[in-house]
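Hi everyone, thanks for making time. I'd like to walk you through one model today, so let me put it up on the screen.

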Amino acid sequence: PDPTLPGGPFSFADATKLESALTEAGFSEPRVESLELQMAAFDSGEEYWQYQREIAGPLAAQFAQLPPAVQETAALEIATAAAGGDPNGRVSLKGYTLLGSAVK
């Protein structure tokens, strides 16, 4: 289902929609701000890739079906891309959320 529909995890991902919901609920002076968050940090691209394989079961299952040489090449490419060109470089994944407030 569409995650932006009511009840979905991103149903209030649009600032205008969140502000309207606050107003419709009887609040005044609605204020919505975007907030950047660090969602995850890894010491290296290799650590990032290891984590992804551990939490993403379907991904790990498909990856395991690849020939070992392809797995090795892909793992290095993924780690390198995640760390901005150096598989040993740090990886920081940012996320964004909306912070809404209003007066009742």
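Let's start with a pair of helices. Gly-45, Glu-46, Tyr-48 and Trp-49 in α2 are in contact with Ala-75, Ile-78, Ala-79 and Ala-82 in α4. By type, the residues of that contact split into 6 nonpolar, 1 polar and 1 charged. Before I go on, please keep in mind that this is a predicted model.

How do we put numbers on such a packing? Two packed helices are described by the angle between their axes and the distance between the axes. Here, the axes of α2, residues 45–55, and α4, residues 68–82, come within 8 Å and cross at roughly 115°. The crossing of α2 and α4 is right-handed.

Now for the rings. The structure holds 3 aromatic pairs. One of them joins Phe-42 and Tyr-48, which sit edge-to-face with 5.6 Å from centre to centre and 75° between the planes. Phe-42 and Tyr-48 are both buried. Ring pairs also bring in Tyr-51, giving a cluster of Phe-42, Tyr-48 and Tyr-51.

Trp-49 and Phe-63 form an edge-to-face pair, with 5.0 Å between the centres and 70° between the planes. Trp-49 belongs to helix α2 and Phe-63 to helix α3, residues 57–64, so this pair ties together parts that are 14 residues apart in sequence.

What does the side chain of Thr-80 have 2.7 Å away? A polar atom of that side chain lies 2.7 Å from the backbone oxygen of Leu-76. Leaving aside residues up to four places away in sequence, Thr-80 touches Gly-85, Asp-86 and Pro-87.

Last stop, helix α1, residues 15–24. Asp-14 caps the N-terminal end of α1, with a side-chain oxygen 3.0 Å from the backbone nitrogen of Thr-16. Just after α1 comes Gly-26, which takes a positive phi of about 95°.

Notes:
Residues numbered from 1 in each chain as written. Predicted model: local features only at pLDDT ≥ 70, side-chain atom pairs only at ≥ 80, totals over all residues. Heavy atoms only, no water. Axes fitted to C-alpha atoms, helices over the stretch in contact; angles between N-to-C directions. Helix = DSSP H or I, 4+ residues; strand = E, 2+ residues; numbered from the N terminus. Left-handed = near helix turned anticlockwise from the far one by under 90°. Contact = heavy atoms within 4.5 Å. Nonpolar A, V, L, I, M, F, W, Y, C, P; charged D, E, K, R; others polar. Polar contact = N/O pair within 3.5 Å; in protein donor to acceptor, adjacent residues only side chain to side chain. Phe/Tyr/Trp six-rings, centres within 6.5 Å; stacked < 30°, edge-to-face > 60°. Buried < 20%, exposed > 50% of the residue type's maximum accessible area, 1.4 Å probe, protein only.
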